[in-house]
Amino acid sequence: MAQTQGRRKRSRVVAEINVVPYIDVMLVLLIIFMITTPLLEQGVKVDLPQTQAEQGEQVEQEKQTPIQVTVDKDGRYYFDFETYRSEESKPEDAERLVALTRVALEKAPDAPVVVRGDKAVPYQAVIDAMALLQQAGAKKVGLITQAAD
């Protein structure tokens, strides 16, 4: 006991990494992503027609990213494929839709081409979109529907 009173205690070097600040940052980032992810809406909102038909080719087509053209309730066209997506406020005109589809088909010739037509849009607008896609070189054009509840 007499020996310890005369010596000064030396502080030891702590050889550990304090991970508590990193965990705090990670939790804050996690919360931010959890809040913002539902707010990120992709594509144009359309009310798809419903069907009870079987989904035959769906499994095979899911392997590739589809070239997707959306026709909203006002008959405007929106293009969506990999890196390019039309902004909701900027629909594509017929010439640009054909050009974008041609470029996409050159990049991915086997990609399925589909049309998402709002159920409130006149049938003629969907047919016009399909004709434009065939004009661009799409051999087969499919329609996207929503499964009935």
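A: A quick term to begin with: a residue counts as exposed when its relative accessible area is over 50%, and as buried when that area is under 20%. Also keep in mind that this is a predicted model.

Q: OK. Is Glu95 buried or exposed?
A: Glu95 has a relative accessible area of 69%. The cut-off for exposed is over 50%, so Glu95 is exposed.

Q: Where does Glu95 sit?
A: Glu95 is in helix H4.

Q: And how far is Glu95 from Ala136?
A: Their C-alpha atoms are separated by 9.6 Å. Along the chain, Glu95 and Ala136 are 41 residues apart.

Q: What does H4 lie across?
A: H4 lies across E2, E3, E4 and E5. The angle between H4 and E3 is about 15°.

Q: Switching to the strands. What order do they take in the sheet?
A: The order is E4-E3-E2-E5-E6. These 5 strands make an open sheet with mixed pairing.

Q: Which ones are at the edges?
A: Strand E4 (84-85) and E6 are the edge strands. Each pairs on one side only.

Q: How do E2 and E3 pair?
A: They are antiparallel, over 4 bridges. In one of the residue pairings, Gln68 has Asp80 in E3 as its bridge partner.

Q: New topic: helix H5. How many residues does it have?
A: H5 covers residues 123-135, which is 13 residues. From first C-alpha to last, H5 reaches 18 Å, close to the 18 Å expected at 1.5 Å a residue.

Q: Which H5 residues are buried?
A: Ala125, Val126, Ala129, Met130, Leu132 and Leu133. They are on the same side of H5, because they cover an arc of only 160° around its axis.

Q: What's exposed on the other side of H5?
A: Tyr123 and Gln135.

Q: What follows H5?
A: Gly137 does, and its phi is positive, near 115°.

Q: How many residues are in the largest nonpolar core?
A: That core has 25 residues. The elements that give two or more residues to it are E2, E3, H4, E5 and H5. H5 gives the most, with 6 residues.

Q: Which residues have the most contacts inside that core?
A: Ile67 and Phe79. Beyond its neighbours within four places in sequence, Ile67 touches several residues, including Phe79, Phe81, Ala104, Leu105 and Val113.

Note on methods. Residues are numbered from 1 along each chain as its sequence is written. This is a predicted model: local features need pLDDT of at least 70, side-chain atom pairs count only at pLDDT 80 or more; totals for chains, interfaces and linings use all residues. Side-chain values use heavy atoms; hydrogens and water are left out. The expected span of a helix is 1.5 Å times one less than its number of residues. Buried means under 20% relative accessible area, exposed over 50%, partly exposed in between (1.4 Å probe, protein chains only). The arc is that of the directions from the helix axis to the C-beta atoms. A nonpolar core is a set of buried Ala, Val, Leu, Ile, Met, Phe, Trp, Tyr and Cys residues joined through side-chain atoms within 4.5 Å. Contact means heavy atoms within 4.5 Å. Two strands pair if DSSP finds at least two bridges between them. Axes are lines fitted to C-alpha atoms, for helices over the stretch in contact, and angles run from 0 to 180 degrees between N-to-C directions.
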